[in-house]
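Dear colleague,

Please find below the structure that I am handing over to you.

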Amino acid sequence: MVDLILRNATLQDGTERIDIAIDEGVLIDCGPALDYPARQELDLKGRLLIPGFIEPHIHLDIALMNPWSQPGRQEEFHMLADLNEALERRRKTFTQQDIERRSGAALELASRHGVTHLRAQCHLDTEVGLKHIEVLQRVKESYAGRVTVQIVAFPQQGFWRNPGTLDLFREAFRIGADVMGCASNLDYDNSGIVDFKKHIDTAFDLAMELDVDLDIHADLGIPQSIDLEELEIVHIARKTIETGYQGRVTAGHVCALDSALPEVAQEVIQLILEAGISVVSQPDLYRLGREDTHNVRRGLTRVKEMLAAGVNVTYASNNVRDALRPMGNFNPLEEALILSYGAHMDTIEEFNTLMKMSTYHGAKALGLQNYGLEPGCNADLVVLDAASPSAAIVGQVEKNYVYKAGRLMASSWVKSEIFNGTQLQEAIKS
């Protein structure tokens, strides 16, 4: 007897009336009209079944630092430096209890929206020491049955600004960090100059010394124009190939690539593909281009061009209700809709791609094993109240059931009533 059978699911490829058999947290069979005795059966009635959503890039330790009752900034910002200054000022007041409370609430909210795996950027520098890493390690263990968390040691004050930083990173991995972080824009000297190659090389050296994957914040700005050798992602790709680290590097943001001429961009994209780098697009529509007086840019990387070339591209929330971004709900469907607008992805097939980006592409970026809807995969599943990816994203539908290792984590429904109305129902039926 198996633990659970989900009947009459629709899969992303359009296949209907599929049953899924789950036992001891593993998907053991998939097909029409499965004949297993089961402790529990659930008729999905044609709803869309997908593997669990992946959140591949989120600053978890600073998430939800703003009041829930009135989201938004107190006043508009004009310079990106103002955001980092506000973050630096506020994070110094964080206690371990505060970080634990907020990050736990964030994981519960992510789980409610169908996230089963999450990669968390975590501040690490000589000013806060190991405090954030220690807290997230406890939270990771506490919520392991709900959301699988990878902790990225994030260099909030660079590697070279403060003595002792490199040894602090080594200690962070001894106590539980999983992935090496990198953000060269934060590694400026006393005159404000950034040597991005030195910073990136240091991150590679540490990642290889510790034998861990590397997650890089790359090319966060959007200059009016940029040459091949000025792009951080070019150095990252070459370094990846040189060190044999293909398949172990993820690059987030990559916004400046959109400022390169098309022929330069194509050369860069081929380098990214050769290096096997996964790219995480971030919802930077709100953050960049605020100084533009005309032809206002929005800060997205070249999502469609990279997808067309075969690069593994996913997307992420990045910041949720914190000093850098006062919006967000840990909701991959919401981020998909934002990206569909920003990246001009509005065909049915492109909506299918967006769904794959937040599931299979994200799983590849995180190096997950046994992920998907094949027999032998972990039973991390989401049932969406729609029959197709485009209907789910455009309609921003509920995640009716969220399973982690075959156990129900969340169930959400919306009840709406239109009194004395018939036209909407007829339109939906047609």
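**A hairpin and its strands**

Strands S15 and S16 form a hairpin with two residues between them, and in its turn Ala405 has a positive phi of about 55 degrees. Please bear in mind that this is a predicted model.

How enclosed is strand S15 by the rest of the structure? Six of the six residues of S15 (residues 399-404) are buried, so this strand is largely enclosed.

Gln157 is placed in the loop between strand S8 (148-154) and helix H4 (165-175). Is Gln157 buried or exposed? Its relative accessible area is 7%, and because buried means under 20%, Gln157 counts as buried.

Leaving aside residues up to four places away in sequence, Gln157 touches Glu88, Arg91, Asp125, Thr126, Glu127, Asn162, Leu186 and Asp187. Two of these neighbours deserve mention for their side chains. The side chain of Gln157 makes a polar contact of 3.2 Å with the side chain of Glu88, and a polar contact of 2.8 Å joins the side chains of Gln157 and Glu127. As for Leu186, this residue lies 29 residues from Gln157 in sequence, while their C-alpha atoms are 5.6 Å apart in space.

**The two largest pockets**

The largest pocket holds about 1100 Å³ of space. Its lining comprises 44 residues, and those nearest its centre are Leu80, Asn84, Asn185, Leu220 and Arg287. Which helix gives the most to this lining? It is helix H1 (residues 80-91), with six residues. By class, the lining of the largest pocket has 20 nonpolar, 15 polar and nine charged residues.

The second largest pocket holds about 450 Å³ of space. It is lined by 19 residues, of which Arg73, Gln74, Glu75, Ala86 and Arg90 are the closest to its centre. The lining of the second largest pocket divides into six nonpolar, five polar and eight charged residues.

Yours sincerely

Note on methods: Residues numbered from 1 in each chain as written. Predicted model: local features only at pLDDT ≥ 70, side-chain atom pairs only at ≥ 80, totals over all residues. Heavy atoms only, no water. Helix = DSSP H or I, 4+ residues; strand = E, 2+ residues; numbered from the N terminus. Buried < 20%, exposed > 50% of the residue type's maximum accessible area, 1.4 Å probe, protein only. Contact = heavy atoms within 4.5 Å. Polar contact = N/O pair within 3.5 Å; in protein donor to acceptor, adjacent residues only side chain to side chain. Pairing = 2+ DSSP bridges. 1 Å grid on protein atoms, 1.4 Å probe; cavity = no way out; pocket = protein on both sides within 12 Å on 5 of 7 lines; lining within 4 Å. Points joined across faces, edges and corners; volume = space filled by probe spheres on them. Nonpolar A, V, L, I, M, F, W, Y, C, P; charged D, E, K, R; others polar.
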